[in-house]
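Analyst: The structure is shown below.

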Amino acid sequence: MEAGLFTANNVWMMICTGLVFFMHLGFSLLEIGLTREKNTINILFKNVFIICVGLLVYYIGGFNLMYPGFAEDSSGIFSFAGFGIAPPENGMTPEYADGGYTWWTDFLFQGMFAATAATIVSGAVAERIKLGAFMIFTVIYVGLVYPIVGSWKWGGGFLDAMGFYDFAGSTLVHSVGGWAALIAIYLLGARIGKFDENGKANAIPGHNIPFAVAGVLILWLGWFGFNGGSVLSADPALTSLTLVTTSLAAAAGGVSAFIVSTIMYKNYDLTMFLNGILGGLVGITAGADQMSPNDAVIIGVIAGAIIVFGVALVDKLKLDDPVGAVAVHLICGIWGTLAVGIFGAMASMEQFVTQLTGVGIVGAFCCTTAFIILFVLKKTMGLRVSEKEELEGLDEHEHGMSAYPDFGLNEH
């Protein structure tokens, strides 16, 4: 491979790495926008913690747990290549990764992905989880659970051997986070005031919808790196197709969610519109490189409808998910993974069954591990803040500061 092409590939992957990093700002703005101002510092602290500690635990062992180089005679379930990230002999040459990128770029790109799984949980448990418990959960989940699941497909493990396909992580990133979010909100319980004495869900409005809109648009931009980088080179045909299918699914998801929610609830719900966009993005992620533009629109339309019914289902089950993380990341993640067997270049009943099997295996593993981690935390240090802390806000009690001090302007 000529040096210029190798350099171009690597630069594209570094740009995509930067875009995925930028998604953490999007998640932060979305989460604080859809929750109350008294918990803003707490949420921002969690999101900053996730990216810093997520990257460090991925460096310590997560990367080599996810890409262990399974031996041909292994089960493809678990292997570990050792601590740290020392590059292999040809790690900086075109011989590594077919000239798509260097070893260092590989680590950083995958490290940005790793932290995203915990960010998904952060939104679901917002406004009531103890910060210490959340931090411990993040370290274990990002450090162990996420890379083990990732190794089964992207690391050449048993899911890869059976033909399971997940291009950029509808299951391996979004559902991994979504399953943990589901278990967490079940164990935590709902926020005070979310459900009345008859079990009817009450809306708890977010304090800054402009932030939420900015967050979603930043996430859409970041998804160009999330999916575009998953081509693993700057291949012109594949990267451009991937960005087109990604954007069409996002647009279709948003429009579908707003239309379905308008028909059901007789108002133009901006938050449903926003989550529909995210649902379309999650839905296309498993097969963005395999779909035609028409396929992408259909997948997005169905994902947008799933969002509306998914949010209603979560409420009906008396689970409290302030940002709709379960509907967006778990349910649309499952849909996107199954869609690989229904639409696009890989569509077949055999592929659909393989996709369904993979979803079930990952779901069982993630639910089990998340439950064990969170249940132990609940029985030891406790998961939930006190009623007083919740009512007065986590910013005051856990951080001793406010996100929006008035600077004494009301004194005059």
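User: Which element supplies the largest share of the lining of the largest pocket?

Analyst: This is a predicted model, in which local features need pLDDT of at least 70 and side-chain atom pairs count only at pLDDT 80 or more, while totals for chains, interfaces and linings use all residues. Residues are numbered from 1 along each chain as its sequence is written, and side-chain values use heavy atoms, with hydrogens and water left out. Two helices, α9 (270–285) and α10 (293–316), each give at least two residues to this lining (helices, H or I, are DSSP runs of at least four residues and strands, E, of at least two, numbered from the N terminus). The largest share, five residues, belongs to α10.

User: What is the volume of the largest pocket?

Analyst: On a 1 Å grid over the protein atoms alone, a pocket is an open set of points with protein on both sides within 12 Å along at least five of seven lines, a cavity is a set where a 1.4 Å probe fits but cannot get out, and lining residues have an atom within 4 Å of a point. Points are joined across faces, edges and corners, and a volume is the space filled by probe spheres set on them. The largest pocket has a volume of about 720 Å³.

User: Which residues lie closest to the centre of the largest pocket, and how does its lining divide by class?

Analyst: The lining comprises 27 residues, and those closest to the centre are K194, A203, D269, T271 and V311. Ala, Val, Leu, Ile, Met, Phe, Trp, Tyr, Cys and Pro count as nonpolar, Asp, Glu, Lys and Arg as charged, and the others, Gly among them, as polar. By these classes the lining holds 14 nonpolar, seven polar and six charged residues.

User: Which element gives the most to the lining of the second largest pocket?

Analyst: This pocket has a volume of about 280 Å³. Its lining has 15 residues, with W154, D166, F167, S230 and L232 nearest the centre, and divides into nine nonpolar, two polar and four charged. The element that gives the most, with four residues, is α3.

User: Which elements give two or more residues to the lining of the largest cavity?

Analyst: The count is one cavity of 30 Å³ or more, and the largest cavity has about 120 Å³ of space. Among its 13 lining residues, F27, L30, V323, A325 and H329 lie nearest the centre. The elements that give two or more residues are α1 (3–33), α3, α9 and α11 (325–339).

User: Which residues have the most contacts inside the largest nonpolar core?

Analyst: A nonpolar core is a set of buried Ala, Val, Leu, Ile, Met, Phe, Trp, Tyr and Cys residues joined through side-chain atoms within 4.5 Å; buried means under 20% relative accessible area, exposed over 50%, and partly exposed in between (1.4 Å probe, protein chains only). The largest such core has 109 residues, and helix α3 (residues 103–124) gives the most to it, with 12 residues. The residues with the most contacts inside it are F137, Y141 and Y146.

User: Is N64 buried or exposed?

Analyst: N64 belongs to helix α2 (residues 40–66). Apart from neighbours within four places in sequence, N64 is in contact (heavy atoms within 4.5 Å) with S79, F80, A81, G82, F83, G84 and W103. Because its relative accessibility is 8%, N64 counts as buried.

User: Which side chain makes a polar contact with the side chain of D320?

Analyst: D320 sits in the loop between α10 and α11 and, at 0% relative accessibility, is buried. A polar contact is a pair of N or O atoms within 3.5 Å; within protein, one must be able to donate a hydrogen and the other to accept it, and residues adjacent in sequence count only if both atoms are side-chain atoms. At 2.7 Å, the side chain in polar contact with that of D320 is R191.

User: Is K266 buried or exposed?

Analyst: The loop between α8 (236–265) and α9 holds K266. Its side chain reaches the backbone oxygen of I263 at 2.8 Å. Because the relative accessible area of K266 is 69%, this residue is exposed.

User: Which residues does V213 touch, not counting residues up to four places away in sequence?

Analyst: V213 is part of helix α7 (residues 209–228) and is partly exposed, at 24% relative accessible area. With that sequence range left out, V213 touches L270 and L274.
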